[in-house]
Amino acid sequence: TTPQNYYNEEENPSDTAIMVGCGILGWAVAGPFLAIVTALGGKYFADRNQGPIGDASRSVGRIAAVAGKKADEEHLLGKVKDSIFGKKDCSRCNNCNEQSNASK
């Protein structure tokens, strides 16, 4: 995808992308309470304000939407689940065999 297509595709990000992006920024700054406030405020300003605050909220939404698409392309959710629940792909390494041989 060319950069022009990427930008045109996300010209108007979804409400969910705006709320997630603004919420993550709020959480990084001051925790869960500010995350809720910034998520709701970001959506409000993106819908009703055409000034710099609305533009910033929409930009954060575009970033969150592109990050979500990239995560889907890379199957990151599945990789995170596999790392948490311990599914191992032993075809790439012999670490398990080396550990069992060392303990004998």
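A residue counts as buried under 20% relative accessible area, as exposed over 50%, and as partly exposed in between. Tyr44 has a relative accessible area of 44%, so this residue is partly exposed. These values, like the others in this report, belong to a predicted model.

**Overall composition**

The protein chain holds six helices and zero strands. Read along the sequence, its pattern is α-α-α-α-α-α. The chain has 104 residues, of which 20% count as buried. Its accessible surface amounts to about 7900 Å², and carbon and sulfur atoms account for 60% of that surface. Where contacts in the chain join residues at least 6 apart in sequence, 53% of them link residues at least 24 apart.

**Helix 3 and helix 4**

Two packed helices are described by the angle between their axes and the distance between the axes. Helix 3 covers residues 32-48 and helix 4 covers residues 52-74. These two helices pack at an angle of about 115 degrees, and their axes are 8 Å apart. Their crossing is left-handed. On the side of helix 3, the contact is made by Gly42, Phe45 and Ala46; on the side of helix 4, Ile53, Gly54, Ser57 and Arg58 take part. Sorted by class, the contact of helix 3 with helix 4 comprises three nonpolar, three polar and one charged residues.

**An aromatic pair**

Rings of Phe, Tyr and Trp pair if their centres lie within 6.5 Å. By this rule the count is one aromatic pair. The partners are Tyr44 and Phe45, whose ring centres are 5.4 Å apart. Planes over 60 degrees apart count as edge-to-face; the planes of Tyr44 and Phe45 stand at 80 degrees, so the pair is edge-to-face. Phe45 is also one of the residues through which helix 3 contacts helix 4.

**Accessibility of selected residues**

| Residue | Relative accessibility | Class |
|---|---|---|
| Tyr44 | 44% | partly exposed |
| Phe45 | 32% | partly exposed |
| Ala56 | 42% | partly exposed |

The class of Ala56 follows from its value: at 42% relative accessibility, the residue counts as partly exposed.

Along the sequence, Ala56 and Cys22 are 34 residues apart, while in space their separation is 9.6 Å, C-alpha to C-alpha.

Technical notes:
Residues are numbered from 1 along each chain as its sequence is written. This is a predicted model: local features need pLDDT of at least 70, side-chain atom pairs count only at pLDDT 80 or more; totals for chains, interfaces and linings use all residues. Side-chain values use heavy atoms; hydrogens and water are left out. Axes are lines fitted to C-alpha atoms, for helices over the stretch in contact, and angles run from 0 to 180 degrees between N-to-C directions. Helices (H or I, at least four residues) and strands (E, at least two) are DSSP runs, numbered from the N terminus. A crossing is left-handed if the near helix is turned anticlockwise from the far one by less than a right angle, and right-handed if clockwise. Contact means heavy atoms within 4.5 Å. Ala, Val, Leu, Ile, Met, Phe, Trp, Tyr, Cys and Pro count as nonpolar, Asp, Glu, Lys and Arg as charged, and the others, Gly among them, as polar. Rings of Phe, Tyr and Trp (its six-membered ring) pair if their centres lie within 6.5 Å; planes under 30 degrees apart count as stacked, over 60 as edge-to-face and the rest as tilted. Buried means under 20% relative accessible area, exposed over 50%, partly exposed in between (1.4 Å probe, protein chains only). Accessible areas come from the Shrake-Rupley method with a 1.4 Å probe; for residues, only the protein chains shown count as cover.
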